[in-house]
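Me: I have a model open and would like to learn how to read its features one by one. Can you walk me through it?

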Amino acid sequence: LDENEICNIELQIVDKKNIIERILYYWSRLYSRQIKSGEDYKILQKAIVILITDFKIENLEELDYHSRWKIMEDKQGKKIILTQKLEIDIIELPKIIGKEKEQDNLLDWLYFLENPKSERVTEKMKENENLKEAVKKLDNLSEDEKMQRIADLRQKAIMDEKAIYEKGLEVGIEKGIEKGIMEGSQKEKIEIAKKMLELKIDKETIAKATGLTEQEIEKILD
């Protein structure tokens, strides 16, 4: 962001009761990976993690749908921020219910995530060109059979994970996606990989999703 901040966006569907620990871990890796051993700490840039959840987070019940977190002095109650280089933004989608009429650009995008065909999104598209473009791109993806297959597999994996987790077990969404895609032919895997490359998805993620090796993905790029 503006060449002096790095940002990681996480979307979590299932509440595994460890989301705060996970998000701190993600932030620490995002921040520490900027430098190598022996380099000056001064080159570290601001690291921002944005967490979007499809569930309410425990102990945050009294807060609004968007909360912003930093390191602050607590003992003397002066609320002095130690550094601007850490920022964690938490967005809880269930808390936007009932705010359909509120004027907020962030809410426009959150309602888009929740339901891109909602009345609010349709109305806001008339004045927000970026939102209109996002809806258009989503429609194009929805018409693509290969991308629809990825979406269907993802949805199935999410539903399976929720059902299993409610019984006290944990499985990874990534494993569900991988299992479904692995059932396809090599040709289909390559077609899916091509679409993912067009969406600027990194090779490591594509390899995990399709079962192709990074070398095979490199050949697609050639």
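Me: Let's start with Lys-117: is it buried or exposed?
Reply: For a call like that, look at relative accessibility, where over 50% means exposed and under 20% means buried. Lys-117 comes out at 57%, so it counts as exposed. Keep in mind that this is a predicted model.

Me: Which residue does Lys-117 meet in a salt bridge?
Reply: Here you look for a Lys or Arg nitrogen within 4 Å of an Asp or Glu carboxyl oxygen. The side chain of Lys-117 pairs with that of Asp-139, at 2.9 Å from N to O. Lys-117 sits in the loop between α2 and α3, while Asp-139 belongs to helix α4 (residues 129–142), so the bridge ties together parts 22 residues apart in sequence. Asp-139 has 27% relative accessibility and therefore counts as partly exposed.

Me: How many salt bridges are there by this rule?
Reply: The count comes to 14. Take Asp-108 and Arg-120, whose closest N and O atoms are 2.7 Å apart.

Me: Now rings. How many aromatic pairs does the structure hold?
Reply: Three. To read one, take the distance between ring centres and then the angle between the planes. Tyr-25 and Tyr-26 are 6.4 Å apart centre to centre with 55° between the planes, a tilted pair. Tyr-25 is partly exposed at 45%, as is Tyr-26 at 22%. Trp-27 and Tyr-31 are stacked, at 4.9 Å and 15°. Both of these lie in helix α1 (residues 19–32), four residues apart, or about one turn of the helix. Trp-27 is buried, with a relative accessible area of 14%.

Me: Which residues make the nonpolar surface patch?
Reply: Ile-9, Leu-11 and Leu-113 make a patch of about 280 Å². Leu-11 is in strand β1 (residues 5–12).

Me: How many helices and strands does the chain have?
Reply: Nine helices and four strands. Reading from the N terminus, the order is β-α-β-β-β-α-α-α-α-α-α-α-α. Of the 222 residues, 32% count as buried. The chain exposes about 15,300 Å², and carbon and sulfur atoms supply 51% of that.

Me: Where does pLDDT stay under 50?
Reply: Over residues 169–173, for which the model has 10 contacts beyond four places in sequence. The chain as a whole averages a pLDDT of 84, and 88% of the residues score at least 70.

Conventions. Residues numbered from 1 in each chain as written. Predicted model: local features only at pLDDT ≥ 70, side-chain atom pairs only at ≥ 80, totals over all residues. Heavy atoms only, no water. Patch = residues over 30% accessible without salt bridge, like charges linked within 9 Å, V, L, I, M, F, W, Y side chains within 5 Å. Areas by Shrake-Rupley, 256 points an atom, 1.4 Å probe, with all protein chains shown as cover. Helix = DSSP H or I, 4+ residues; strand = E, 2+ residues; numbered from the N terminus. Buried < 20%, exposed > 50% of the residue type's maximum accessible area, 1.4 Å probe, protein only. pLDDT = per-residue confidence, 0-100. Contact = heavy atoms within 4.5 Å. Phe/Tyr/Trp six-rings, centres within 6.5 Å; stacked < 30°, edge-to-face > 60°.
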